[in-house]
There are 4 protein chains.
Amino acid sequence: MTDLPGASDVLDLDSLLSDDERALRQKVRDFTVQRIKPDIARWYEDGVFPVELAPELGELGVLGMHLDGYGCPGRSAVDYGLAAMELEAGDSGIRTFVSVQGSLAMTAIHTWGSEEQKQEWLPRMAAGELIGCFALTEPSAGSDPSSMATTAERDGRGEDAGWVLNGSKRWIGLASVAGVMVVWAMTGDGVRGFLVPAGTPGVTATPITQKLSMRASIQCDVEFDGVRLGPEALLPGAFGLRGPFTCLNEARYGIAWGAMGAARDSYEAALAYSQDRQQFGRPLAGYQLTQEKLVNMLVEVQKGTMLALHLGRLKDAGKLRPEQISLGKLNNVRQAITIAREARTILGGNGITLDYPPLRHAANLESVRTYEGTDEVHTLILGQHITGLSAFR
Amino acid sequence: MTDLPGASDVLDLDSLLSDDERALRQKVRDFTVQRIKPDIARWYEDGVFPVELAPELGELGVLGMHLDGYGCPGRSAVDYGLAAMELEAGDSGIRTFVSVQGSLAMTAIHTWGSEEQKQEWLPRMAAGELIGCFALTEPSAGSDPSSMATTAERDGRGEDAGWVLNGSKRWIGLASVAGVMVVWAMTGDGVRGFLVPAGTPGVTATPITQKLSMRASIQCDVEFDGVRLGPEALLPGAFGLRGPFTCLNEARYGIAWGAMGAARDSYEAALAYSQDRQQFGRPLAGYQLTQEKLVNMLVEVQKGTMLALHLGRLKDAGKLRPEQISLGKLNNVRQAITIAREARTILGGNGITLDYPPLRHAANLESVRTYEGTDEVHTLILGQHITGLSAFR
Amino acid sequence: MTDLPGASDVLDLDSLLSDDERALRQKVRDFTVQRIKPDIARWYEDGVFPVELAPELGELGVLGMHLDGYGCPGRSAVDYGLAAMELEAGDSGIRTFVSVQGSLAMTAIHTWGSEEQKQEWLPRMAAGELIGCFALTEPSAGSDPSSMATTAERDGRGEDAGWVLNGSKRWIGLASVAGVMVVWAMTGDGVRGFLVPAGTPGVTATPITQKLSMRASIQCDVEFDGVRLGPEALLPGAFGLRGPFTCLNEARYGIAWGAMGAARDSYEAALAYSQDRQQFGRPLAGYQLTQEKLVNMLVEVQKGTMLALHLGRLKDAGKLRPEQISLGKLNNVRQAITIAREARTILGGNGITLDYPPLRHAANLESVRTYEGTDEVHTLILGQHITGLSAFR
Amino acid sequence: MTDLPGASDVLDLDSLLSDDERALRQKVRDFTVQRIKPDIARWYEDGVFPVELAPELGELGVLGMHLDGYGCPGRSAVDYGLAAMELEAGDSGIRTFVSVQGSLAMTAIHTWGSEEQKQEWLPRMAAGELIGCFALTEPSAGSDPSSMATTAERDGRGEDAGWVLNGSKRWIGLASVAGVMVVWAMTGDGVRGFLVPAGTPGVTATPITQKLSMRASIQCDVEFDGVRLGPEALLPGAFGLRGPFTCLNEARYGIAWGAMGAARDSYEAALAYSQDRQQFGRPLAGYQLTQEKLVNMLVEVQKGTMLALHLGRLKDAGKLRPEQISLGKLNNVRQAITIAREARTILGGNGITLDYPPLRHAANLESVRTYEGTDEVHTLILGQHITGLSAFR
């Protein structure tokens, strides 16, 4: 089956894709069906990130997917989006790994790194041999990076002076399994980025446990306690918050796509169940109250997919602006949560188990809604754009 | 100003239009600004359809806009949609006239009429010299045309036998000012269409009064009491409900566009007001609760507009299917109502007057939501499409 | 019929009322059925306030209903609420008159007036022989009375010095037909209240026209241009905004009840229509999509009514606090609008005419939602109460 | 702290309770704070039902709480409701145990059992020494008990003939730890109930694993494979579905209360967090977007609590009807889910962990929404009540 089932693509959005794009999508979809769906319930129940998938995802060509050179696939933004969508139809945690690896860590190095840094890290990261992470968020300021408390101070003087890192980060994806961390810290010259290899003394990454969301992924508390870095650790090109924000926008773009993958998978699970399950002598799908839910879900899946594709086309044309990404992230995650929750109700009692994906997707999307900008943050970014007035404070 | 203000087109949907399309849109927008907006409050308050606009709309090139030949403009489906959007930014009643004229009455004649019928009626209708109407809905069956009670019986025998029409229609737009009616009636061979010129004995069209919606438009109760028609009154090409349903789908397509015009106008009115109006020493637009509303409105205006444009591109490619139109009508009218209502709240007390458009749009859209298929009808059309099961009964 | 039809009172809230309360309610309900419902469509269409109802409402005992002495009925808060509910089941405009008369104008005089003022005005107002109004809101500050720009300056010196009023008020209910105005103005000692008899030179009251809401009521722009008042015009007891706010809270209490009257009437109209109207061979009421709407409406009608009654019992016990009233007004008006709008959709095309009440109620409630504190104002009042933090600015 | 914090009881609903009721509530609340809250995160994470709580809950007096005699506490319906509310403020799984024990299993025995059956089972169940379960739902018919496929056939002839049970049940709470099962099965005389002691050959109860909801509770698949029962196993008083439905209504009543406990706890967690958490230099609680959420939550917590109390007063007066319970269950669980989800968003990233209750409550309530009648089932029960027409099929 190369194409979306007709029932999931009533608007024939497939016709807006090229043959190459459909082929790429199919390849990733096959991966999801074969490598994620069979085991995701177990990974989720056990709270395990399947680290063994990393090289397979590298081989699939989805790590640093939209970057050029240094072993990166060099695909288009739309290709990247389609891949994110299909992976998140599997699980948000897997797509999150791909985002952290490609949109955050690799993009930071690719955009702001020195030639040496790029050559050292990117090829192994593209291959999935080495996992990267991106340490920006801090415990006391999820939505306000400007209040950053982690510091990097000069360790000595002169050109070859290194740095000493101190502080705490929280919600750092994959940190405990990462080979390299991109760490953002406040210096005398404002926020700068640093590359911290695994095993550097003074770094501790502790996975957050007892999660009700993204259990097949890892988020860590990370402590930097007098971490000494050489001068080569500094990302030379990034000055101020523009550095990490550029990466966040990359990630948000992928999320706008990914969320629709989780939404579509939820819808399809509910549709299939409703067609199979009999109630009062008829399939559930034949009742008005069920059809109303399915239709409302589908309408938003289609609108959100169209929106993601529009953003992708703008991105490939070099015209995508941050407020457009905010609109995409805000809308698509919000709608995806609504869709996944509604899908759950069609599944009845069976819908509370990991046998069916909607409640897992709904739970995962709570993380997705929160990271890379909550609904409120994106609402106020857009509000400022359209009114010219900031209402953040 | 050729383009949408940036604040209303955050996604840069304008970039998806050709120069010609933007020019056409601008022409219609200018008409709305100059000919509809200045007087619409008065027309609405007085319950008057501005019949004098008909020839001007003909000259503007929006009557039977998507039809070829017989004096019709022969524009694309997207052009037609853009025109509907701009006209409904003025008032749903004016756009409704254009829909009834072009999508319903003229499409019926153009699609199912004889060469003589086309030549007789279409040129004058395209010019706005003659108004058409479309009599399908009956008092007791708004959403169920298959239960049609109006009858057309043979009046004599042989090839030159005419017809006798009996029955009642309701909610027939423009009937009291129409020069020709397209009337659908049950015959021994199923539903057939007839052209009934103004003044035919036995026809009575009575405008429905005391309306709270579409007051700048006309809807009539129409009675056919032994109306005798010649054989040439019959539309030769239309057999069964497929005849009127083809026209309904044309109209629904235009509605999907038009509703977004009313929505955008509501949003823009609220945005402008909120930027001007001071509250506690700041513009309303600077408050979080206001920005949240504006952003949510804008998100749906943009998604609905993108959806309409997608339908238009499919239509121009000859690929638009009825369930896709149902999705467009369902979503765009529903969202437009939500948007217009939300816009109203930003206007405070001033929002309950005709000085500002949102409450008028919201009221109008109640009619638009109901005609050409309610939310429930389109939900069940889509539900049947995706599940394969009918839940209508 | 003494009791609510069972279908409208599934929770048997009637059992919470005393026999006297049910009798009072029935009396007002009868009035609504006999004196409001037969003519309300015409009044609304024509934009006419039926001033002839004032003495009838006086005789019915609903003017200044909860006040004691001076010819006032001296009924309980629950009685007053029940009356407001039944009157607004007729039309919000009529209930608004009763609120303006009793909760605003008469309460101001009763609470803050001198013995002479009370004796002069209250008996005629209770009888409906004289209409009062309450001039607080100003054109540029609907939700922020503290920015009041209307001024009252001393006209001379000494004990018998009068006052000169200057300024503008807007949205002043009944002002053009009022025999006396309660006017709030800024003085050197803060906000004070004044009684301004009809015909005082320099006062102009101009009804706001082209309304899409409350057309069977009157709201005016009022200008005070060098209006000279004697010293006896001053309300001696009211100092600062506490004066008008006390009255606003009285009115808000009545609104919490009244809105549920409009909601219940909308629900009952939709229920009756759905039971009568056939669609595809069954009553509309027999379809899942219709039942879902009816049930959701009824649930909120019942919850809102229970809430209003709880507020009434607190008020009669002398324990009702402003934030509780805010909760009641916020919830009940918001829910009533949702209910009226949903009821409209069940009525199909017929629902856009004045033959059925829901769309009229929905339109009216837009005014009700705005006056005496918008949703945002009451949200922030409650927000401050529960968090201890003001977010108004 | 004896009373609810003012911020959680803005309507002063506490004033509607007697001193005894408040004391009972406080006792259960203390239990929740001391015995549930400290360990619930671990139980939930580990998927463990704390069976050791059973005798403690017996001692607390909440098992079979509303039943008289046979060691049961004999408290009022309101008392039972208050206890359910406080326990579910801890966790829905704990409240569910209490419901299964008291409302389902014990009520079945108390209502339909013989004197011998009551004396044998009820005292130990009231003491929490023995756990009961209630086997009604079957794998293929969650919402349609009338299609029951489990059978009980006569095992021999005459008065002392026993029974043979065959069939499958699903979602049977506590079955794997129960000392006695109340099993409903189809016989030649319609549905009858049976008491099946633990260890009866042929009975297998397998806990459902990989749950995303109610992980601190147990639900089982139960198989009956040729289970032979003596004649004394039959509940003599229950004939047809009226038997189990009576118990379901008892349980639904408790759910209407319990759901508001989960909702209130979610609200309070979000309120506390928002007051503590700083964002852009202010507590989150000081922002309009946060206050809007908190207020909307609180409004529904209060309305739902008032509704539950009203149902309790009706029940204690012997006047509570099934459709009223449906309204309570439908509304309160639906609102509780909305509240818990909204609370989660205020907690940001921290809200996805078990450190805070809202996401756990939201997940649990998906089970609660489904069991004892889904939203759709209760909507259609109410729809039938108000329209007189069944729309189930």
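Domain bounds here come from an automatic or database domain assignment. For chain A, that gives domain 1 (6-126), domain 2 (132-239) and domain 3 (243-387). The model is predicted, so local features need pLDDT of at least 70 and side-chain atom pairs count only at pLDDT 80 or more, while totals for chains, interfaces and linings use all residues. Residues are numbered from 1 along each chain as its sequence is written, with chains lettered from A and ligands numbered from 1 in the order in which they are written.

On confidence (pLDDT is the predictor's confidence in each residue, from 0 to 100), chain A averages 95, and 97% of its residues score at least 70. Residues 1-5 of chain A fall below 50. Where pLDDT is low, the predicted coordinates should not be read in detail. For the complex, the predictor gives an ipTM of 0.96 and a pTM of 0.97.

Back to the domains: the C-alpha centres of domain 2 and domain 3 of chain A sit 31 Å apart. Their contact (C-beta atoms, placed from the backbone, within 7 Å) takes 13 residues from domain 2 of chain A and 10 residues from domain 3 of chain A. The domain 2 side has 10 nonpolar residues, three polar and no charged ones; Ala, Val, Leu, Ile, Met, Phe, Trp, Tyr, Cys and Pro count as nonpolar, Asp, Glu, Lys and Arg as charged, and the others, Gly among them, as polar.

Between chains, four residues of chain B are in contact with four residues of chain D. On the chain B side, these are two nonpolar, one polar and one charged.

Key. Contact = placed C-beta atoms within 7 Å.
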